[in-house]
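Colleague: Please put the model up beside its sequence, and I will then ask about it piece by piece.

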Amino acid sequence: MEAMLVDCVNNSLRHFVYKNAIFMCERLCAEFPSEVNLQLLATSYLQNNQAYSAYHLLKGTQMAQSRYLFALSCFQMDLLNEAESALCPVNEAGAEIPNGAAGHYLLGLIYKYTDRRKNAAQQFRQSLTIDPLLWAAYEELCILGAAEEATAVFGETAALSIQKQYMQQLSTSLGLNTYDEERNSTSIKNTSSEDYSPRQSKHTQSLKDISGNFHSHGLNGGVSNMSFYNTPSPVAAQLSGIAPPPLFRNFQPAVANPNSLITDSSPKSTVNSTLQAPRRKFVDEGKLRKISGRLFSDSGPRRSSRLSADSGVNTNSSVATVSGNVNNSSKYLGGSKLSSLALRSVTLRKGHSWANENMDEGVRGEPFDDSRPNTASTTSNDAKSCDQEDETMSIGGTAMSAQRITVGVSEILNLLRTLGEGCRLSYTYRCQEALDTYMKLPHKHYNTGWVLSQVGKAYFELIDYLEAEKAFRLARQASPYCLEGMDIYSTVLYHLKEDMKLSYLAQELISTDRLAPQSWCAMGNCYSLQKDHETALKNFLRAVQLNPRFAYAHTLCGHEYTTLEDFENGMKSYQNALRVDTRHYNAWYGLGMIYLRQEKLEFSEHHFRMAFLINPSSSVIMSYLGTSLHALKKSEEALEIMEQAILADRKNPLPMYQKANILVCLERLDEALEVLEELKEYAPSESSVYALMGRIYKRRNMHDKAMLHFGLALDMKPPATDVAAIKAAMEKLHVPDEIDESP
């Protein structure tokens, strides 16, 4: 009965019938109470988005897998201290982290969200050491700014590690077939269930028959090679009177025993569940190109202060659980970042051996032939003499030889090296290098939703909105229902003032997933473009409510509060974004802008400098850092920063304008005029440029030229405040030694 209930629960999980899985598993735990059965019930709860049920069910349990599932439940409920205590018991200082790579990955996320970046990076590196194919861990290292070059992470050491794991499986596969043949030739009547581990390592988890003392729950009936990443757990005795089934799946005694229950004895051990990490963010530099208020006539407060962020990711990363199917079980988790934690179900075999024929004969009830053992021995020796290329095992239904394993590992790691290096360069804001790296990918990988979204984000950072829009549009075509990066896409459309496209995108995202923060960020951008900032703020707050670990949503709230001149709540929103991710430089920039508007110049310089340290390639951040330095009478240093900003992006008019302002204050009027003449080529319709030139000519007593430039500035329809300042300067044209130095 117990084996049948376990199999029923596993089948329900495999087919996503979670209600039935929970019901049948409750019957299982009532009839056969054990901690292992509780693990299966907790897994069912987690798959059904009931982390709170799993939490109360597993509280106080001690087995390694129970501690992992309990930690996962705590993580999803935002009980990070309890989650850490479950993975690292205080009274067991040397206790091994359960579930190997997945356990270290989960612990790394806990450290990350509790602002222990060094510890988090250490855990992510450890998980990559155990499982070099755990991409989510490498991406988290990129987000933390602590990733090594991809060639080092996915290099020769990783290849040897993976090859060793698969070669052990291959050799074990051959050994198992030989053992099967010898066992069948010796005795068919007295078979017994035995433990078997496909990977011999300290992380190997012993596998038992599903009706015996231990059972694992997987996606399929084959032996899972993920046991390499599992932490050994003590075997819990279950209250079962059922005799364990035989080791050989196809064998039955010639005389059937009516009291024995024949079941599928293949162990089921897979691990996976989906975890989310907050996504990266990107500064929206286009909005910042124009100086707020008086600098450029068409720039409103939002355009001068809005930054975009790559939160896309809700980084969902998979962490191992004793469950068969991946499901988003956290209220914080969105789309999949790791579809599953390298669940490669392995079926051990070596061709079609005589042993299987012998078992089939036993099933038919034919009498045992004493001559068969000699035949088995002969067949076994013949098999051992075969070429190594003929020695195969099955991975995911595909026969694999030693040579094919080596080639496959090399191909996978070559691909990950290119993707990893592009990802690392993107998160260090070396965007052009990242684009060049992604171009090295094969077309079939380049034209996927994830890669095209990364390309769009890189162009977005480079302030190339047309190319960014093209990349995101292609990403939508490749993966119409993938929300990765769509928040950035909506901001691109915001800057391009594509209100129709933005509205259509927002409606599509809402209809696809109303519970995704990206959907509500797009909707908020749509309202913000229409100058309905209060409604936009409500949409951004909805995104925060859906996922408090979504840093970009907090930042967008801060931008809207700043636009509405609610600086107190704006600062709170930016600080919340930094609590989620201290490298979210958009929030540092936002705080710097608030302090600059409040004329708290020392605080402003500090926050702009923090943003600059994270992203040293942003010309906008350098421009405002130089502005703060100039206000603090550090004009020479400010000029150096402005020069760097101009070199970083010559198309950005802001640093050139600010440089001219600083030169005017230093009485270097000729140099200032040269800069402004050059600036007119990049921004020919900006009234602020002509107004500043008029003030310079006035100061040099060149009244005709001054009047001409003041008139040109007025013809370009500047904001009302600038109109008043220009008219006042024209009225005082003949008053000596007076110049309006306001920006």
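**Packing, pairing and backbone**

Colleague: Are helix 32 and helix 33 roughly parallel or roughly antiparallel to each other?

Modeller: This is a predicted model, in which local features need pLDDT of at least 70, side-chain atom pairs count only at pLDDT 80 or more, and totals for chains, interfaces and linings use all residues. Residues are numbered from 1 along each chain as its sequence is written, and side-chain values use heavy atoms, with hydrogens and water left out. Helices here are DSSP runs (H or I, at least four residues), numbered from the N terminus, and their axes are lines fitted to C-alpha atoms over the stretch in contact, with angles running from 0 to 180 degrees between N-to-C directions. Helix 32 and helix 33 (residues 703–715) pack with axes 8 Å apart at an angle of about 165°, and since angles under 35 degrees count as roughly parallel, over 145 as roughly antiparallel, 65 to 115 as roughly perpendicular and the rest as oblique, the pair is roughly antiparallel.

Colleague: At roughly what angle do the axes of helix 3 and helix 5 cross, and is the crossing left-handed or right-handed?

Modeller: E35, Q39, A42, T43 and L46 in helix 3 meet Q65, S66, L69, L72, S73 and Q76 in helix 5, a contact whose residues divide into 4 nonpolar, 6 polar and 1 charged. The axes of helix 3 (residues 35–47) and helix 5 (residues 64–76) come within 10 Å and cross at roughly 25°, so the two helices are roughly parallel. A crossing is left-handed if the near helix is turned anticlockwise from the far one by less than a right angle, and right-handed if clockwise; for helix 3 and helix 5 the crossing is left-handed.

Colleague: Turning to charged pairs, how far apart are the closest N and O atoms of E421 and R424?

Modeller: A salt bridge is counted when a side-chain nitrogen of Lys or Arg is within 4 Å of a carboxyl oxygen of Asp or Glu, and a search of the whole structure finds 21 of them. E421 and R424 are 3 residues apart in helix 15 (residues 402–427), so about one helical turn separates them. Both residues are buried (under 20% relative accessible area, against over 50% for exposed and in between for partly exposed, with a 1.4 Å probe and protein chains only). The closest N and O atoms of their salt bridge are 2.5 Å apart.

Colleague: How many residues apart in sequence are the parts that K634 and E605 tie together?

Modeller: K634 forms a salt bridge with E605, with the closest N and O atoms 3.7 Å apart. K634 lies in the loop between helix 28 (619–631) and helix 29 (635–648), whereas E605 belongs to helix 27 (residues 601–614). K634 is partly exposed at 36% relative accessible area, while E605 is buried at 12%. The pair therefore ties together parts whose separation in sequence is 29 residues.

Colleague: Which residues are linked with E605 and K634 in a network of salt bridges?

Modeller: Side chains of opposite charge can pair when their charged atoms come close. In this model the network of salt bridges links E605 and K634 with R609 and E637.

Colleague: Where is N99 found, and what is its phi?

Modeller: Most residues other than glycine have a negative phi. N99 is buried, with a relative accessible area of 1%, and is found in the loop between helix 6 (80–87) and helix 7 (100–113). Although N99 is not a glycine, its phi is positive, at about 65°.

How values were computed. Contact means heavy atoms within 4.5 Å. Ala, Val, Leu, Ile, Met, Phe, Trp, Tyr, Cys and Pro count as nonpolar, Asp, Glu, Lys and Arg as charged, and the others, Gly among them, as polar.
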